[in-house]
Amino acid sequence: MFRNVAELVELAESTSKSISEIMIEQEMEVTGRTRTEIKEQMLKNLNVMKAAVERGITEKVRSVSGLTGGDAVLLQEYIKKGNYLSSETVLDAVSKAVATNEVNAAMGTICATPTAGSAGVVPGVLFGMTKKLEPTDEQMVNYLFVAGAFGFVVANNASISGAAGGCQAEVGSATGMAAAALVELAGGTPSQSAEAMAIALKNMLGLVCDPVAGLVEVPCVKRNAIGASIAVVAADMALAGITSRIPCDEVIDAMYKIGQTMPEALRETAQGGLAATPTGRELEAKIYGVSLDKK
Amino acid sequence: MKYRTVFDIIGPVMIGPSSSHTAGAAKIGRVARTLFGQKPDQADIYFYGSFAKTYRGHGTDVAIIGGVLDFDTFDSRITEALTIAKKENIHVNFHEEEAITDHPNTARVVLTKGEEKMELVGVSIGGGKIEIIELNGFVLRLSGNHPAILVVHNDRYGVIASVSNVLAKYEINIGHMEVSRKERGKEALMVIEVDQNVEESLLIELEKLPNIMKVTKIHD
């Protein structure tokens, strides 16, 4: 059983196995379930993600509050025009991350990866790569096991809760997980996955959880969007052979400690940051008829 | 290890928008309903910390009542839970508490039906996972690391042995076990953490044993 990223990478490289394989084997050992059962459950989760992405990029979903919805469709239309500045894969990943979070905000069905507020990044990056990498269902399921393996380490050694550790613990973790998983999907090594995770998470450190009106909408949807873009770029950097000076486990530990020292106002309480801006307060008052801090 | 399985990370499949505030809340509500064992007349929900401040925006209120109605986290009826509760004549009250709790996402659920009353405190620790820290005044130390069986029983000799016999028959290993009671000979609570998820048939068999009042499991 691996307790940290170093052990995970060592386990994979010393046995010449992929990280997804290590995760599946551990799951079999811990739960006593068969490989087939485990893979089938992951395939079900993959199909939920696929359906949410499809819905979000085709239907202009609207959240109950009216704060979010329809941006995934805008981005898909923009990609079709072909005049984009970044790349098709990055923008496709971004739009599909947005799609998932828009469906989530509209109280639709999603799969938490690792949480609902950060559910966009992992599937966004995956489905953004379908055209370029043409993965099989098997490879897509394996991508989710890699993401799960890295998320497992973060959840057990740090936190994946915005209320406990800020947005860095949610979208930050998701971004690291997606970067690591994309490396394996693209044919990289286990240690390159760890480097990608480290590079991605470093750029999410300190990110606060400051949702307007306490809703998983503003800025969550757009943080998932940019998280997806960071994940793709971090994976590219790791595949290019770039390493993180600070080892992945230490980055995770830094994230945990930053979360512990983060003021409560910036941990999902809608009391600080963007939630406390004049516009944030105005939107909140409009939604509830009264501001949260005046209740 | 707080998280055991990959599906705690890639999962659960759920109705949005928040795993801690929606899915976790739904699970807390559902554990309460399962332990109560029947449809309540009244549900009083006390929210603390982030739950108290943001429950309306996250649909925590809808989700926890969805759980009280015995809906799973992915059940789309969750969005209509408050209306459904009304139709089913369940009287619902929400209370926003000021008290500071150890974890920001804490809820106290009080279910009543006539004379019967049950009180449970649950914490949503992230990613849809929950911990139960109090039940009817019994302090629990349910870490959430493992699947667990909760047995409410009469404080009598032989009850613990009969429960562990059934577990042995099903080849279920006990990882951690606690028994607590409020008063000698009165109501007692057994909390049994096991290594693997248990089948419904085992719970039914436990329930049939003498002096057992209620049996439920948490964490799939």
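In this predicted model, helix α1 (residues 19-36) of chain B lies across β4 (105-113), β5 and β6 of chain B, and the angle at which α1(B) runs to β5(B) is about 150 degrees. Helix α3 (residues 60-68) of chain B, for its part, lies across β2 (42-48), β3 and β4 of chain B and runs at about 140 degrees to β2(B).

| Helix | Strands it lies across | Angle |
|---|---|---|
| α1(B), residues 19-36 | β4, β5 and β6 of chain B | about 150 degrees to β5(B) |
| α3(B), residues 60-68 | β2, β3 and β4 of chain B | about 140 degrees to β2(B) |

The strands in question belong to an open sheet of six strands in chain B, which follow the order β3-β2-β4-β5-β6-β7 with mixed pairing. Its edge strands, each pairing on one side only, are β3 (91-96) and β7 (138-139) of chain B. Within chain B, strand β5 (residues 116-126) and strand β6 (residues 129-135) pair in the antiparallel sense over six bridges, and S124(B) stands opposite I130(B) in β6(B).

Turning to the two chains together, 46 residues of chain A are in contact with 39 residues of chain B. On the side of chain A that touches chain B, the largest share, eight residues, comes from α8(A), and by class this side has 26 nonpolar, 17 polar and three charged residues. Strand pairing also links the chains, for β1(A) and strand β1 (residues 13-15) of chain B pair in the antiparallel sense over three bridges, with M14(B) in β1(B) as the bridge partner of I110(A).

Methods: Residues are numbered from 1 along each chain as its sequence is written. Chains are lettered from A and ligands numbered from 1 in the order in which they are written. This is a predicted model: local features need pLDDT of at least 70, side-chain atom pairs count only at pLDDT 80 or more; totals for chains, interfaces and linings use all residues. Two residues are in contact if their C-beta atoms, placed from the backbone, lie within 7 Å. Helices (H or I, at least four residues) and strands (E, at least two) are DSSP runs, numbered from the N terminus. Ala, Val, Leu, Ile, Met, Phe, Trp, Tyr, Cys and Pro count as nonpolar, Asp, Glu, Lys and Arg as charged, and the others, Gly among them, as polar. Two strands pair if DSSP finds at least two bridges between them. Axes are lines fitted to C-alpha atoms, for helices over the stretch in contact, and angles run from 0 to 180 degrees between N-to-C directions.
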